[in-house]
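Visitor: I would like to learn how to read a few features of a structure. Please give the general idea, then the case at hand.

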Amino acid sequence: MLSMRHLSKAYYTDTIKTQALQPFDLSIEQGEFVAVIGPSGSGKTTFLNITGLLEDFCGGSYELDGVNVEKLNDKAKSKLRNEKVGFIFQSFNLIPELNLYDNVDMPLRYRKLSSKDRHERIMDALNKVGLASRKAHYPSQLSGGQQQRVAIARAIAGKPSFLLADEPTGNLDSKMADGIMELLKDINAQGTSIVMVTHDAQQAVKAQRIIEIRDGMLSERKNYDKAIA
Amino acid sequence: MFSYYLKLALISLRKTPFLSLLMIMTIAIGIGATMTTYTVSYLLQKDPIPTKSDRLFNVRLNSYGPDKPFNISQGKEVPPFILTYQDAINLQNAKQGVNQTPLGSFKIMTRTTEQSITEAKMTPIRSTYRDMFNMFEVPFKFGGAWDEIADQDGLQVAVISSELNDKLFGGENSVGKSLLLGNLQYRVVGVTDDWYPIPKFFDYRTRAFNKPRDVIVPFQTQINNELWTGSDVSYQCWKEPADDSFSAILASECVWVSYWVELNSAAERNNYMDFLVNYSMEQREYGRFLREPLHQLFNVKEQLIERKIIKDDGNVAVWLAFAFLAVCLLNCMAMMVAKFHGRAGEVGLRRAVGASKQDIITQFTVETCIIGLLGGILGLLLAQIGLSVTAQLYSHLYAEMLEMTAGIVIMTVLLAVVSAVTFGLLPTLHAAKVQPSSQLKSL
Ligand SMILES: Nc1ncnc2c1ncn2[C@@H]1O[C@H](COP(=O)(O)OP(=O)(O)O)[C@@H](O)[C@H]1O
Ligand SMILES: [Mg+2]
């Protein structure tokens, strides 16, 4: 489904080299819910961006749904990202000038879909997050939790195999955060793999797998209790 | 997809209305100034009679006396650009061209028979043979040219402009009505229809951008009635006339008649030149044409350049105008960089949801297209204002003359769009290059 071999990543700024990720191996199967934990600056976002093809890696190989992404050009990579991956960000990243409907429409616009198809998918996604009735509203008219729901609708509208979430509840109070977690679990239950970066140990233990990153070193946590501690 | 990008472009323009307006205005001002200058230059320098400009010739005979040449230019002897009356008539009678005519002029108080003498207006008159109408492709609204008898006998007939017809006859078909030139009665035989040759290649340099004269009469009627206005003709003599009489002027060696001939083709120019040389040799029998037969034929373009009505070299003003446009576009480019920079977050997001660089470039190019289009339309308006101001500023230009052609209108809008897209390309490519992951933490 997703398989990484000896993948590594370094940033070069002027003369300084930052080894953001040490070489690692990782496979994620269809339908898994993976939590990524680790201290700030350890490389979690970098890992997620590489997984979602937003950033290039330096060494190793990466197969996404059987496609070796290393040799793809920008167009093919964008297409793969569009079809396979849905991103959810800590700061929602909705476009304020577009209403909910048009925000959810965005990934679908980069596919050859009929307007009827698009409409069905948008309404389906908005229904799943419970905001179909507010499709004509603008992001600023919603609460933070609702805005993140719209972002989730946007991520799932294209029916991707993976949802990549970077601290999706980081900007929300605990009640709203619980709602978002419920929603993600529902989506996962329907077969979509989820990789979620989180600070919240409570959330991490709800995942099937926990990956910890420290100073760019990836390791798998088998013992859930330790993660809480 | 295009309609989607169009929608995004309009949303983007609305998001920063002031910056958008500034960009559009910058393009509009550049386009307006450039196209005003270009249009004036284009209209004033264009071929006034494209169908036959290479086979219409101004005839110049070296009729000056043996003592000194008419003129010397760059070490070479130059014949006069106008003819004596007798030579003009001789060429006219020889009929060596398809069409040919002398052109004379005078001024006289003119009114209709219904108007009182106090309503008469001093009017410049053109005198010519009927060939001129055909030769210069004069369009007619009513009636037409006079007949050959009128040419031969100098009948009192007239062709008037549609403007004068509007003024004197309320725009009705005035053929058959009468006009008083001084106290001579002339019958209207034709009314021309919007005839504005630009430049007026057959007239003096100082009048090249005036409207054609409102009244045209047979050349011989000017002669018969001894209609002469010294201030209205270029009149030069190497030997003074025998006395002050009109007949003495006609018989003299003084030059004052300009002469035009239309040939079948540009290739017949040499034949006509041979004819002129033969003619001048014959005239030696009468003690005339004692100088070298340095006769000349100038086609329309050559005439315009020689008379310094148009310039031969590239037009500096137009180059300056285009340089100004480039400055405006560079300014606009700086604003685009600023505007697109503010959209890095959106670009990052769109990249994250699957837009390729190409998709981003297309989206931003549609936006620069819209800016260019709006700038072009506004620029077109400014250019129209510029042209009417130019027409008022320079008394020798008139409004009808400075009308944009459909071609120039299309060119104006197209130029705006193309230059906006071209100068928007750098900011666009810059925006598309943004590293998507670096933008997604803040939007
Ligand atoms: N674009 C970049 N250029 C240079 N260094 C970077 C860049 N992005 C991240 N880093 C560095 O890589 C390391 C990992 O960053 P990041 O993946 O954002 O950590 P996390 O998400 O775990 O907080 C940090 O030391 C960070 O400073
Ligand atoms: Mg991070």
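Guide: Start with burial: a residue is buried under 20% relative accessible area, exposed over 50% and partly exposed in between, with a 1.4 Å probe and protein chains only. This is a predicted model, in which local features need pLDDT of at least 70 and side-chain atom pairs count only at pLDDT 80 or more, while totals for chains, interfaces and linings use all residues. Residues are numbered from 1 along each chain as its sequence is written, chains are lettered from A and ligands numbered from 1 in the order in which they are written, and side-chain values use heavy atoms, leaving out hydrogens and water.

Visitor: Are B:Glu367 and B:Arg343 buried or exposed?

Guide: Both B:Glu367 and B:Arg343 are buried.

Visitor: What does B:Glu367 form with B:Arg343?

Guide: Side chains of opposite charge can pair when their charged atoms come close. The term salt bridge is used for a side-chain nitrogen of Lys or Arg within 4 Å of a carboxyl oxygen of Asp or Glu. B:Glu367 and B:Arg343 form one, with the closest N and O atoms 2.8 Å apart. B:Glu367 is in helix α13 (residues 357-393) of chain B and B:Arg343 in the loop between α11 (316-341) and α12 (344-352), so the pair ties together parts 24 residues apart in sequence. Helices (H or I, at least four residues) and strands (E, at least two) are DSSP runs, numbered from the N terminus.

Visitor: How many salt bridges are there over all chains?

Guide: The count comes to 33. In chain A, A:Glu55 pairs with A:Lys9 at 3.8 Å between the closest N and O atoms. A:Glu55 sits in the loop between α1 and β4 (59-64), and A:Lys9 in strand β1 (residues 2-13), 46 residues apart. A:Glu55 is buried at 8% relative accessible area, and A:Lys9 is buried at 10%.

Visitor: Which residues do salt bridges that share partners join into one network?

Guide: One of its pairs is B:Arg207 with B:Asp232, at 2.9 Å from N to O. B:Arg207 counts as buried at 15% relative accessibility, and B:Asp232 is buried at 2%. Shared partners join B:Arg126, B:Lys200, B:Asp203, B:Arg207, B:Arg213 and B:Asp232 into one network.

Visitor: Why is the site of ligand 1 shared between chains?

Guide: For a ligand, list the residues with a heavy atom within 4 Å of it. Here residues from chains A and B surround ligand 1, so the site is shared. There are 12 residues around ligand 1, and among those that come nearest are A:Gly41, A:Lys44 and A:Thr46. Helix α1(A) gives the largest share of the shell, three residues.

Visitor: Which oxygen distances does ligand 1 show to A:Lys44 and A:Thr46?

Guide: A polar contact is a pair of N or O atoms within 3.5 Å. An oxygen atom of ligand 1 is 2.8 Å from a polar backbone atom of A:Lys44, and a polar side-chain atom of A:Thr46 lies 2.5 Å from an oxygen atom of ligand 1. Taken alone, ligand 1 exposes 560 Å², of which the protein buries 65%; accessible areas come from the Shrake-Rupley method with a 1.4 Å probe.

Visitor: What is A:Gln148 in contact with?

Guide: Contact means heavy atoms within 4.5 Å. Leaving aside neighbours within four places in sequence, A:Gln148 is in contact with residues including A:Phe89, A:Pro168 and A:Ile180. A:Gln148 counts as buried, at 0% relative accessibility.

Definitions and conventions:
Polar contact = N/O pair within 3.5 Å; in protein donor to acceptor, adjacent residues only side chain to side chain.
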